Amino acid sequence: MPSTDYHAETGVRIKKARLALGLTQKEFAASLGIVQGFLSGIETGRKRPSDTLLIALSHTFGINAQWLRDGSGESFKNDLAADQPQSCRAPLLDVIPDSFPEDPGTIRRYVSVPDLPEGCYAIVCYGDFMSPTIRDGDVVIFKPYSEQKKSGDIIIVHNRWGEPILRRYRIKDDEVYLAPDNPAYAPFRPDDGTRTIGIVVDVWRKVII
């Protein structure tokens with residue numbers, strides 16, 4: 001089979017998987033760290049998906065890599081099946097409600113993560129406050145806060161407006177600061193309206209094409 005036909009069919013399968021997940025091209029592209037135009041080119045067979053992108057599709061969305069390549073097997077891996085250990089899946093949240101973790105709110109989908117600690121959740125990072133450690137569009141895996149924070153940990157907190165933000169927990173001269181890794185932004189001291197949500201345990205880097 002000519003390579004152009006192969007890649008065109010792969011693009012069709014990627015589109016089918018995206019539609020099965022209920023995601024728009026914009027949402028799907030953003031979660032993978034690629035531009036919407038490039039995704040559109042892949043789905044129509046005009047662009048070739050890299051091996052790195054296929055791996056990201058498999059890890060992030062549980063899509064069967066072999067099915068993506070040649071159409072064989074099931075379209076999705078058995079990560080949603082009852083016989084797979086729950087510790088392999090992290091619920092991906094759109095927002096983190098005030099009632100978290102008792103009520104995690106809306107779960108967008110599940111992210112397949114190898115060697116995932118039990119009880120973890122995932123959320124997509126937006127903005128460049130923690131760049132270059134965590135970049136815009138990266139998937140952040142975090143464990144709900146249940147243990148003592150250590151200076152240097154990256155944590156998720158609700159600020160006074162109820163927005164989840166990522167910062168590095170720092171202690172200096174017995175004062176607590178929440179610091180961005182991006183030097184363009186300033187650290188701040190948490191107040192009574194700042195609530196710790198969880199501690200970051202892993203980051204899935206967006207795919208650079």
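Which residue takes a positive phi in the hairpin of β6 and β7? Asp173 does, at a phi near 55 degrees, and the hairpin has 2 residues between its strands.

**Before selecting anything**

This is a predicted model, in which local features need pLDDT of at least 70, side-chain atom pairs count only at pLDDT 80 or more, and totals for chains, interfaces and linings use all residues. Residues are numbered from 1 along each chain as its sequence is written, and side-chain values use heavy atoms, with hydrogens and water left out.

**Stop 1: the whole protein**

Show everything as a cartoon. The protein has 5 helices and 8 strands; here helices (H or I, at least four residues) and strands (E, at least two) are DSSP runs, numbered from the N terminus. Along the sequence the pattern reads α-α-α-α-α-β-β-β-β-β-β-β-β.

Now switch to a surface. The accessible surface comes to about 11,300 Å², and 51% of that belongs to carbon and sulfur atoms; areas come from the Shrake-Rupley method with a 1.4 Å probe, and for residues only the protein chains shown count as cover. Of the 209 residues, 41% count as buried. Buried means under 20% relative accessible area, exposed over 50%, and partly exposed in between (1.4 Å probe, protein chains only). Among contacts between residues at least 6 apart in sequence, 54% join residues at least 24 apart, where contact means heavy atoms within 4.5 Å.

**Stop 2: the sheet**

Select the strands. They form an open sheet of 8 strands in the order β2-β1-β3-β4-β8-β5-β6-β7, with mixed pairing. The edge strands are β2 (107–112) and β7, each of which pairs on one side only. From one strand to the next, the twist averages 45 degrees. Two strands pair if DSSP finds at least two bridges between them.

Pick out these pairs in turn:

- β1 (residues 89–93) and β3 (residues 121–124) are parallel, with 2 bridges; Leu93 is opposite Ile123 of β3.
- β4 (residues 139–144) and β8 are antiparallel, with 6 bridges; Val139 has Trp204 of β8 as its bridge partner.
- β5 (residues 154–158) and β8 are antiparallel, with 4 bridges; His158 is opposite Arg195 of β8.

**Stop 3**

Strand β6 (residues 164–172) runs antiparallel to β7 (residues 175–179), and 5 bridges join them. One place to look is Ile171, which stands opposite Val176 in β7.

Next, show the side chain of Arg168, in β6. Is Arg168 buried or exposed? Arg168 counts as buried because its relative accessibility is 15%. A polar atom of its side chain lies 2.7 Å from the backbone oxygen of Gly152. Apart from neighbours within four places in sequence, Arg168 is in contact with Met130, Thr133, Gly152, Asp153, Ile154, Tyr177, Leu178, Ala179 and Asp181.

**Stop 4**

Axes are lines fitted to C-alpha atoms, for helices over the stretch in contact, and angles run from 0 to 180 degrees between N-to-C directions. In α4, the buried residues include Leu53, Leu54, Ala56, Leu57, Ser58, Thr60 and Phe61. Just after α4, Gly62 takes a positive phi of about 70 degrees.

Helices α2 and α4 pack at an angle of about 100 degrees, with their axes 10 Å apart. That makes α2 roughly perpendicular to α4 (under 35 degrees is roughly parallel, over 145 roughly antiparallel, 65 to 115 roughly perpendicular and the rest oblique).

**Stop 5: two loops**

Go to Val95, in the loop between β1 and β2. Val95 is exposed, with a relative accessible area of 52%. Its C-alpha atom is 7.8 Å from that of Pro164, 69 residues away along the chain.

Finish at Gly71, in the loop between α5 (65–70) and β1. Gly71 counts as partly exposed, at 33% relative accessibility. Leaving aside neighbours within four places in sequence, Gly71 is in contact with Arg13 and Gln66. The C-alpha atoms of Gly71 and Thr10 are separated by 7.9 Å, and the two residues are 61 apart along the chain.

Note on methods. A polar contact is a pair of N or O atoms within 3.5 Å; within protein, one must be able to donate a hydrogen and the other to accept it, and residues adjacent in sequence count only if both atoms are side-chain atoms.
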